[in-house]
Amino acid sequence: MEITKETVLKVAGLAKLDLTEAEALRLAHEMGKIVEFADKLSEMDLEGVMPTTHAVKMENVFRDDEMQPSYPREEILANGPERDEACFVVPKVVE
Amino acid sequence: MSDYKAVIGLEVHAELDTASKIYCGCTTAFGGEENTHVCPVCLGLPGALPLLNEKVVEFCIKAGLALNCKINNYSRQDRKHYFYPDLPKSFQTSQLDLPICYDGYLDIEVNGQTKRIGITRIHIEEDAGKLIHGLTGTRVDYNRGATGLIEIVSEPDLSSPEEVYAYMETLRQVLLYTGVSNCKMEEGSLRCDVNVSIHKEGEPFGVRTEMKNINSLSAAKAATAYEIKRQKQVLEEGGSLFQATLRWDDAKGINYVMRVKEHADEYYYFPEPDIMPIVISPEKVEAIRATLPELPKARQQRYKEQYGLSDYDANILTVSKALSDLFDQAVAECQGPAKACANFIMGDITRLLNEEALQPEEVPFGGKELAELANLASQGAISSSAASKVVEMLFQPEFAGKGPKAIVEEQNLGQVSDQGAIKAMCQQVIDANPKIVEDYRGGKKQAISALVGQVMKASKGKANPAMANQLLEELLGS
Amino acid sequence: MDNMQKQELASLTLTQAAGLLAKGEASSSELTKLMLDRIAASNNNAYITVNAEAMAAAEAADARRREGGSLSPVDGLPMALKDNFCVRGMKTTCASRMLENFVPPYTATVAEKLADAGTVLLGKVNMDEFAAGNATDTSYFGPTKNPRDPKRVAGGSSGGSAAAVAEDTAYFTMGSDTGGSVRQPAAFCGVVGLKPTYGRVSRYGVVAFASSLDQVGPLNKTVEDCALTLSLIAGRDPRDASSLPNPVPDYLAGLKGAEGLKGLRVGVPKEYMGPGIQAEIRENVKKLIADLQTAGAIVEECSLPQLEYALSAYYVISSAEFSSNLGRFDGVKYGYRAKSYDGYDDMLRRTRSEAFGDEVKRRILLGTYTLSAGYFDAYYLRAQKARTLIMEDFRRAFSQYDILLTPTTPVTAWPLGTAFEDPSKVYAMDLCTVSVNVAGLPAISLPWGTDREGMPVGVQLIGPTLSEDRILQAAHGVEALSLHNYGEGRGQKGGGVHV
């Protein structure tokens, strides 16, 4: 299937990536090639086939409802690009 | 022009009352210093993996059974993607097409009419963190992040603000009874999104707007009423509605548009590979069903049939499971009528809870004490005013561990029913109040209550008022 | 120690080096110092970060040994981790500008297990950015060169892991394998690489690429070393829900050289012996088939028709999960944040656009596209159904054969800077390896001769679920045949490796 520049830009919007016109054009071409090869899947007869969502046959892997100590706040915040003494800080989000 | 009908559906989020979060061992305790209930898993650090808390699954099943749902034998979690600073992984681990519960209902009562509201589904998911908006920036606190939630999605079966209120109230009661959530709306443990559209009978559904994160029953009602009115006004003025997400401002009593939806949300869901499928056996469902408490409706019925309580009393008593439990325990030990126990709960106990700003769960004594008190009262061993005093003392820490009998004795609150003693007091009162006696004899029969009051005063409230009344009448020769 | 001795010491296998330490003929400090010196002298760019505490850890290991309290047979042996394994207090970059300065506050389970065994962490090795690639040329820190020919790529995404083993700057390394990321660089660099069964080794603390395909695996000089390493890291981890509870067998017990090949039923899928495979590689595999038969194995051509779709299914599933896993890099909690922006959304977009490389962006876009409304059923859902059929194909094959033999790669290591026509051509280079991840199976790659230009050829042995012991046994046999034929296997290797 052909991928247009507009499609690439729409998807980039969803994925929060900025692209220049030139990048979008190039990616449209490249993604078109990759999608072509993903389109091979449409040749398959998949009628009645159950999808595999997990590579292992495991189910009901749970933990008990037990409290564990949390991490010290300094360690939680240590990698924050912008933070104050207690919180991460982001540009003002308007609701 | 008021032939528009409202079509309303609710999505209710209830934070589950588990000790730890849904995928890690961090506490779910409300509040706490910012970012102190956080670890690599709930911070979404790269490489950290979720481990599903089994209690979350069990609580969801329990809520589902209480809401008459079917339980999916095979269920799983899915990732719901969107970017927001309160969502650390940029996806919310939720459920898409295989929720744990589906196809249930909740009966509500509005104006004496019962209405059945369909429950489409109940699924588990994680809560987001908290954003604290400042002047220049927004601060992010992940303490609440990844607390286990259930989302209860109703059918669009509701049609008025009153029904919205009743639905939320009844739902809250059921969740409290099952113990899956503390439902503290002021702490955000229970909140709802209200979807509203209006249309005319026989015409297709109208454009829908959604009001997000409403956190009180009255706000849900007010916001719905406002929105129905607004939509009607727009249509009546020939305008057109657009799909939008609104935010209710409770202080101002108006809805704000948060954002206009141009197209459906793109969450690009897919099955969560890091959490294994959830398989729920019929045995598991039955085991959880066996732990369900008697729900409010059933209790109300029982109170009416077994104890002859009125509709009103039965409803009031079952509003809180804690008070209803207290009633059941007291009645089991009480020799007098159940109504005596009910009156204490609906009267003095409720008043004191309000005065002391306590939750119903915090009544500092049990059914045994309440039964003892009710027995004393119904046997006439204490007056009603003395009984109120006893309840007050039972709430005081210095009387902790003492039963009503002990308090009555210690505080000398026992009612005097000694006929000789009361008779003597009555005679004194008659002698000291010739004017009132004259009135009485002159035909003002109600004047006797003033004399009874004087006897009570003289006895420091301990005389049995009924006996005093009778003796006074005798002495006055009527 | 003269240079000759140093070279000999450095090129020892893990097992041999452990023997020296046990006999007291070398110390952990000596070996660690030797490795650190070699890392400093190497031009192959295998390492991103060198552990400043390595010598202290080595000295501690030596002290334990002196006091008779060694933690394991490999206590004190220096090794390295791919830079997507979180280690508390040490930078974990995933070879991305996004995580250039990220210091995790926690440690991956595998890194913990290796530390518990007393191994000395030399540092973190290079990789494709967020493991998206197959040549370690998408690293923000520059490509890793192939020690067998520095003008060629080391393979990827665990290129640094393979190169470090090949250039003797670690006695073993850890990698991660989502579509061949351990096996392919192992093949390109001429070392042994194992991708265990999905769930056999904990993924906890390893930065995810595609969660349903990722598996941690060791890169080693020999099959014996590989068996030894696997026994250190395999087993259930309560922190990883996909981790399998099955007991861990003694992987070393079954190793018996060419003897282990007798009666082994080997299937050779014709789908991986077609014209897409470089002729010389096919020739090498044919030579191996003949040798296996001589050694008493029963070798037959077989067919797994659904393999044709494995590459498509793989790229759909892996890109989808990749785009999801990389959403968390938003400039809020850790990692890069753009220097200037106007509001939250702009910050988010600039941060991601500035800090992710081209290949990462390409896969995020592809993944987002295939998951987006209207395409989910056509791509992601179909890919998962294809996955079911591919697994069934393998199950059928393993009802007839003990193992399957394929080339690891369609080509040998290509020159650095090769410009492929388009990304789908690069992706096609993963032909032989991705089906194993799609099916969650274990597979090993080990060297089997070279091409005409002397670049190593890797052969891959695939087994059914949890048959690591079986494929290690078979690989040990193949390794013995290789030594006999080519006189090459690690430990015996002479010069020719560029450090």
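Helices (H or I, at least four residues) and strands (E, at least two) are DSSP runs, numbered from the N terminus. The model described here is predicted, so that local features need pLDDT of at least 70 and side-chain atom pairs count only at pLDDT 80 or more, while totals for chains, interfaces and linings use all residues; side-chain values use heavy atoms, with hydrogens and water left out. Residues are numbered from 1 along each chain as its sequence is written, and chains are lettered from A and ligands numbered from 1 in the order in which they are written.

**Domains of chain B**

- Chain B is assigned domain 1 (4–285), domain 2 (296–411) and domain 3 (419–475), with bounds that come from an automatic or database domain assignment.
- Between the C-alpha centres of domain 1 of chain B and domain 3 of chain B the distance is 64 Å.

**Chain C against chain A**

- Contact, which means heavy atoms within 4.5 Å, involves 65 residues of chain C and 51 residues of chain A.
- About 5,200 Å² is buried between chain C and chain A, and carbon and sulfur atoms give 67% of this area; buried area is the accessible area (1.4 Å probe) that two parts lose on being put together, summed over both.
- Of the area that chain C buries against chain A, L365(C), Y369(C) and R382(C) supply 13%, which is more than any other three residues.
- Seven salt bridges are counted between chain C and chain A, a salt bridge being a side-chain nitrogen of Lys or Arg within 4 Å of a carboxyl oxygen of Asp or Glu.
- D358(C) and R26(A) form a salt bridge through their side chains, at 3.8 Å from N to O.
- Chain C and chain A also have 20 residue pairs in polar contact, both residues being at pLDDT 80 or more; a polar contact is a pair of N or O atoms within 3.5 Å, where within protein one must be able to donate a hydrogen and the other to accept it, and residues adjacent in sequence count only if both atoms are side-chain atoms.
- On the side of chain C that touches chain A, at least two residues each come from α10 (310–325), α11 (344–355), α12 (358–371), α13 (377–400) and α14 (423–427) of chain C, and α13(C) gives the most, with eleven residues.

**Chain B against chain C**

- Here 29 residues of chain B are in contact with 39 residues of chain C, and the area buried between chain B and chain C is about 2,600 Å², with 65% of it given by carbon and sulfur atoms.
- One salt bridge is counted between chain B and chain C: R203(C) is joined to D274(B), and their closest N and O atoms are 2.9 Å apart.
- The polar contacts between chain B and chain C number 14 residue pairs, with both residues at pLDDT 80 or more.
- Strands β5 (78–81) and β16 (270–271) of chain B each supply at least two residues of the side of chain B that touches chain C.

- Three strands form an open sheet in the order β2(A)-β10(B)-β9(B), with antiparallel pairing; two strands pair if DSSP finds at least two bridges between them.
- Its edge strands, each pairing on one side only, are β2 (88–91) of chain A and β9 (130–133) of chain B.
- Strand β2(A) is joined by four bridges to the antiparallel β10 (residues 137–141) of chain B, where P91(A) stands opposite G137(B).

**The nine-stranded sheet of chain B**

- An open sheet of nine strands in chain B has the order β3-β7-β8-β11-β1-β12-β13-β14-β15, with mixed pairing, and its edge strands are β3 (70–71) and β15 (254–260) of chain B.
- Strands β8 (residues 113–126) and β11 (residues 148–154) of chain B are paired in the antiparallel sense over seven bridges, and I124(B) has I150(B) as its bridge partner in β11(B).

**Backbone features**

- Most residues other than glycine have a negative phi, and most peptide bonds are trans.
- N111(B), which is not a glycine, has a positive phi of about 50 degrees, and this residue is found in the loop between β7 and β8 of chain B.
- The peptide bond joining G156(C) and S157(C) is cis, with omega of about 10 degrees, and S157(C) lies in the loop between β5 and α6 (159–166) of chain C.
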